[in-house]
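Keep the sequence and the 3D view open as you read.

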Amino acid sequence: MKTTVGHLINGEICVDGVRAQSVFNPSTGAASKQVDLATIATVEQAIASAQAAFPAWRNTPPAKRAQVMFRFKQLLEENADGICELIGEEHGKIHHDAMGELLRGIENVEYACGVPELVKGEHSRNVGPGIDSWSEFQPLGVVAGITPFNFPAMVPLWMYPMAIACGNTFVLKPSERDPSSTLFIAELLMEAGLPKGVLNVVNGDKEAVDVLLTDQRVKAVSFVGSTPIAEYIYSTANANGKRCQALGGAKNHAIVMPDADMDNAVNQLLGAAFGSSGERCMALSVAVAVGDEAADTLVSKLKEAMAPLKVGAFSNRENDFGPVITGAHRQKVTGYIDSAEADGATVVVDGRNPQVEGYREGFFVGATLIDNVTTEMKSYQEEIFGPVLQVVRANTMEQAMQMIDDHEYGNGTCIFTRDGEAARYFSDNIQVGMVGINVPLPVPVSYHSFGGWKRSLFGDLHAYGPDAVRFYTKRKTITQRWPSSGVREGVSFAFPS
Ligand code: NAD
């Protein structure tokens, strides 16, 4: 009998037992557990539980809410190894990578610990004679989060610590492909002293998501996942009168200038392209080399540096990266390599059939390098989300930048150069939301906010950081006068000025 991963509703773990789906260990290829898929009634119950918890939580002083976050941070640190193990079993990440994700998640809990400072509002005395005015940031009510498989710990932690710290209650719908670490972390928050019903977790698929998008009790939705689903979430949530931020897919380019420190650029590219098997929305999947000489040097150095890379099971901490998430996704990734080859690109290092001893059924793709890729190719235009680095050749920096601007995605990008003027021009003008200068994965720290441009984000506000305070609160501005006793005020029909 396989373990069933259930839901967390009003502080209790429960299972419907109506529909379920297998959860795989991608390193072995075996279905190791199953996840219960919430029915409409279960999601409605989760929303009702969040709704019931809201009035008391809204009125809990921000400093008390912050104390829960402090304890939560401590519990996350104490349980870090166990969480990384759960991530590895279901996602396939190696321990060092899972730990990196968790630490970036914990950063967001630390930011939420500062909530009294973040929501204290703005005050102006004497905006008129004897009149004071101030703005408050009030919570919205029940808010929902829908998250992807590739960061089962970090992305949910981008959302609910800040939403809850701001006084909202939350319903989270994690990825059904690797649900265990997300659920375990939510239980830690309950252990930290969060009142029942303030955070609820429902596992499920589109059926569960659609309830969150249409139920009038849900006031806002944060989504992170692929672009087609992000677009659907954004339009449906908006049509139902909800505030929504929906972060989508990516195709992140690195420009490699002829003057770049090539050995450093190669090392940075390896980690950013193949870390986590390329299953990161900030993975660098395209290197645009400026000039043929730079391109030839880059390709030959990358080829040499890729030879010792080790793909393998998550349980071996010596491996550089693990499997991709499912057998179907492995086929999709190798299909893109086939299509690039058929379109005339050169497969320099071929990861289509890696030999991973002892794990023949695992969902592995080896590190792959493809040269002479052009912008018309399908493998260039679409997100691959696998350990595949494509090299495109450009004659000038302007041409390289135009390529990036013309791409439908605008999540992250980077330039490798020693030229400050070129770097400044690049960061000033490129149509991308997160930019690195000799920094391959420019993921903002928790006190900035995270988000792409173009079809990498639907909505106005980015995830976490200062934008999260704005997203999870609504501003109320109060203007007050206490007439002095004995002063009689006249009638005025003019607009107050
Ligand atoms: P996905 O879009 O398949 O799933 C994301 C969530 O949406 C899951 O919870 C899933 O259950 C739900 N979902 C899936 N299909 C749905 C449907 N038809 N209707 C309603 N809900 C649905 O994404 P994924 O494969 O889990 O994650 C990988 C994708 O996420 C990549 O495209 C990656 O670039 C993107 N991503 C983006 C960011 C970012 O910050 N921009 C971060 C991480 C991942």
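## Terms and ground rules

A residue is called buried when its relative accessible area is under 20%, exposed when that area is over 50%, and partly exposed in between, using a 1.4 Å probe and protein chains only. This is a predicted model, in which local features need pLDDT of at least 70 and side-chain atom pairs count only at pLDDT 80 or more, while totals for chains, interfaces and linings use all residues. Residues are numbered from 1 along each chain as its sequence is written, and side-chain values use heavy atoms, with hydrogens and water left out.

Helices (H or I, at least four residues) and strands (E, at least two) are DSSP runs numbered from the N terminus.

## Aromatic pairs

A pair of aromatic rings is described by the distance of the centres and the angle of the planes. Rings of Phe, Tyr and Trp (its six-membered ring) pair if their centres lie within 6.5 Å; planes under 30 degrees apart count as stacked, over 60 as edge-to-face and the rest as tilted. The structure holds 10 such pairs. One of them joins F149 and F385 edge-to-face, with 5.9 Å from centre to centre and 90° between the planes. F149 sits in the loop between β8 (142–146) and α6, and F385 in the loop between α13 (378–381) and β17 (388–394), so this pair ties together parts that are 236 residues apart in sequence. F149 is buried at a relative accessible area of 8%, and F385 is buried as well, at 16%.

The rings of F471 and Y472 have centres 5.2 Å apart and planes at 85°, so this pair is edge-to-face. Are F471 and Y472 buried or exposed? F471 and Y472 are both buried. Elsewhere, ring pairs link F72, Y160 and F170 into a cluster.

Two packed helices are described by the angle between their axes and the distance between the axes. Axes here are lines fitted to C-alpha atoms, for helices over the stretch in contact, and angles run from 0 to 180 degrees between N-to-C directions. Angles under 35 degrees count as roughly parallel, over 145 as roughly antiparallel, 65 to 115 as roughly perpendicular and the rest as oblique.

The axes of α2 (residues 62–78) and α4 (residues 95–112) come within 9 Å and cross at roughly 165°, so α2 and α4 are roughly antiparallel. Their crossing is left-handed (the near helix is turned anticlockwise from the far one by less than a right angle; clockwise would be right-handed). Contact means heavy atoms within 4.5 Å, and here M69, F72, K73, L76 and E77 of α2 meet L102, I106, V109, E110 and A112 of α4. By class, these residues are 7 nonpolar, no polar and 3 charged. Nonpolar covers Ala, Val, Leu, Ile, Met, Phe, Trp, Tyr, Cys and Pro; charged covers Asp, Glu, Lys and Arg; the others, Gly among them, are polar.

## Helices α6 and α7

How do the axes of α6 and α7 cross, and within what distance do they come? The axes of α6 (residues 154–165) and α7 (residues 180–191) come within 12 Å and cross at roughly 20°. The two helices are therefore roughly parallel, and their crossing is right-handed. On the α6 side P156, L157, Y160 and I164 take part, meeting T182, I185, A186 and L189 of α7. This contact has 7 nonpolar residues, 1 polar and no charged.

## Helices α14 and α15

Helix α14 (residues 397–406) and helix α15 (residues 420–429) have axes that come within 12 Å and cross at roughly 20°. That makes α14 and α15 roughly parallel, with a right-handed crossing. M397, M401, I404 and D405 of α14 make the contact with A422, Y425, F426 and N429 of α15. Sorted by class, the residues of this contact are 6 nonpolar, 1 polar and 1 charged.

## Single residues to look up

L298 is in helix α11 (residues 292–306) and is buried, at 0% relative accessibility. Leaving aside residues up to four places away in sequence, L298 touches V256, M262, V266, L269, A287 and A289.

N10, a residue other than glycine, has a positive phi near 50°. N10 lies in the loop between β2 (7–9) and β3 (12–14) and is partly exposed at 38% relative accessibility. S277 also has a positive phi, near 55°. S277 is in the loop between α10 (262–274) and β14 (284–290) and is buried, with a relative accessible area of 1%.
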